[in-house]
Amino acid sequence: MNLDRRHFLHSSLVLGSSAGLAGLTALGGLSGLVGPTGQALAAPMFADNPTFQPRALMATWQRDPTTTMTLQWLGTSKEDGLSRNLWYRRSGDDAWLEVPHTARPFPQTELWQFRAELTGLAPDTTYRIRIGLDSPQASIRTMPAKATSEITFISGGDSGTGSASRRTNKLAALQSPRFVLLGGDLAYENGKSADTFLKFLDHYAADLRDDKGHLIPLVACLGNHEVDGAYDKPREKAPFFYAMFDGLYTDTGYATLDFGDYLSLVLLDSGHTSKVVGDQTDWLLRTLKEREERPNLFVANHVPMYPCVRSANGSLNEAMREHWSPLLERYNVDAVLEHHDHAFKRTHRLLDGLIDERGIPYLGDGSWGQIRNPEGPDKRPFLAKSTQSYHLSLHRIEGPDRYHLALSDLGKVVDILHTRKLART
Ligand SMILES: [Fe+2]
Ligand SMILES: [Fe+2]
């Protein structure tokens, strides 16, 4: 039975099949539709023994994570990929819904990329997914509508595709975070090596499932190794990053992701395809001003404002400190997540470059799968701590309290920081 979208609707109208009615529910928004005897509608005829595995199946977001989810995967044939409907159902419900998906060529390969965005989902809810009738069931979980119970997410950066990155991937999955935020230098393909980028995607898709099997969504920032030329280049020079994440970064290398009214991520482009000074700084001012009252307001950038390995006096570091740090302080940002230097660091709370309890901690510096030997607080007084350690950061939000744990790739606790929203003075 051919279940492409047009045939599917046609057969449902002609035959009045219950599976067809489920499709109409999805397409027409007729929620709550039930079969003639009042039971939930019958499921599509999924294969008993799935034989098709969508490549690099990944969840991410382009809008509010409390009610949406974007799914992407790769395939070798446009026609085959489009003929496999994306089915989803709320866990506990019997009725499967269908959502259309798009296809486009994946850069510098013969592959096709498929994307669908699920919208109007219930918060804090598990959904089951099938791609075509012959793929295994996968599952996703939306974010809670309110931060009423504990929420955890993981951040880090500078992964690559080596053995350390796989260890950190697996350690991340063991924490069952709601999502992972990677702040640039994902694959180290430099905008040129499709094989390297595909390897990163395959690793992520294989490794990042939580303890209940949910896909762990990936939110990403742009780093220099996403870009052919690293700095000050047009977005066409970062073809793989934008292929994956242009649902969020529609026009620029910077964006925000707002989780209901309790968490905002402000994701910056540290000079790779957007200049620091000018439009991005103007946007940052407006964006932070609108989110000043958010109980959890985090900023992420790839190149650090307060680096622990490379010179802190580079023109880019200085430009970000001059133009961005005052805005972060003015609008009460809770923490800045930094990367690029390949070590663990935590700064003191900093205000105008000086240690001040009313200031902001900068956490980094990107050692998911890359490592360097950092300078210590003796050489750089803004540092509270630094170590040569692969690490991820586990952020746990518990009401007004936040705990930021740095874990090494072997699971050792490298650092722990407790924060609360600072009262405005
Ligand atoms: Fe970097
Ligand atoms: Fe890096």
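**Close-up views of a predicted two-iron model**

**View 1. The bridged pair of iron ions.** Asp 185 bridges the iron ion (ligand 2) and the iron ion (ligand 1), and the two ions lie 3.3 Å apart. The model is a predicted one, in which local features need pLDDT of at least 70 and side-chain atom pairs count only at pLDDT 80 or more, whereas totals for chains, interfaces and linings use all residues. Residues are numbered from 1 along each chain as its sequence is written, chains are lettered from A and ligands numbered from 1 in the order in which they are written, and side-chain values use heavy atoms, with hydrogens and water left out.

**View 2. The site of the iron ion (ligand 2).** Asp 158 (OD), Asp 185 (OD), Tyr 188 (OH) and His 342 (NE2) coordinate the iron ion (ligand 2) at 2.1 to 2.2 Å; donors are N, O and S atoms within 2.8 Å of the metal (3.2 Å for Na, K and Ca), and sites may look incomplete because water is not among the atoms. Around the iron ion (ligand 2) the 4 donor atoms subtend angles of 87 to 169°, which makes the arrangement irregular. Along the sequence, the donor residues of the iron ion (ligand 2) follow the spacing D-x26-D-x2-Y-x153-H. Distant parts of the chain are linked by a pair of these residues, 27 residues apart: Asp 158 is in the loop between strand E9 (151-156) and helix H4 (163-174), and Asp 185 is in the loop between strand E10 (180-182) and helix H5 (194-207). Helices (H or I, at least four residues) and strands (E, at least two) are DSSP runs numbered from the N terminus. Asp 158 counts as buried at 0% relative accessibility, and Asp 185 counts as buried at 1%, where buried means under 20% relative accessible area, exposed over 50% and partly exposed in between (1.4 Å probe, protein chains only).

**View 3. The site of the iron ion (ligand 1).** The iron ion (ligand 1) is coordinated at 2.1 to 2.2 Å by Asp 185 (OD), Asn 224 (OD1), His 302 (NE2) and His 340 (ND1). Its 4 donor atoms make angles of 87 to 157°, and the site is irregular. The donor residues of the iron ion (ligand 1) are spaced D-x38-N-x77-H-x37-H in sequence. Here the pair that links distant parts of the chain is Asn 224, in the loop between strand E11 (218-220) and helix H6 (239-245), and His 340, in the loop between strand E15 (335-337) and E16, 116 residues apart. Asn 224 is buried, with a relative accessible area of 8%, and His 340 is likewise buried, with 7%.

**View 4. Strand E16 and its partners.** From strand E16 (residues 344-347), Phe 344 and Arg 346 point one way and Lys 345 and Thr 347 the other way, and all are buried. In a regular strand the side chains alternate between the two faces of the sheet. E16 pairs in the antiparallel sense with strand E20 (residues 383-387) over 4 bridges, and Thr 347 has Leu 383 as its bridge partner in E20. Strand E19 (residues 362-364) runs antiparallel to E16 and is joined to it by 2 bridges, with Leu 363 in E19 as the bridge partner of Arg 346. Two strands pair if DSSP finds at least two bridges between them.

**View 5. An aromatic pair reaching strand E19.** A search of the whole structure finds 20 aromatic pairs. In one of them, Tyr 306 and Tyr 362 are edge-to-face, at 4.7 Å centre to centre and with 65° between the planes. Tyr 306 lies in the loop between strand E14 (297-300) and helix H8 (315-323) and Tyr 362 in strand E19, so the pair ties together parts that are 56 residues apart in sequence. Both Tyr 306 and Tyr 362 are buried. Rings of Phe, Tyr and Trp (its six-membered ring) pair if their centres lie within 6.5 Å, and planes under 30 degrees apart count as stacked, over 60 as edge-to-face and the rest as tilted.

Conventions:
Four donors count as tetrahedral if all angles lie between 85 and 135 degrees; four count as square planar and six as octahedral if opposite donors are over 155 degrees apart and all others between 65 and 115; anything else is irregular.
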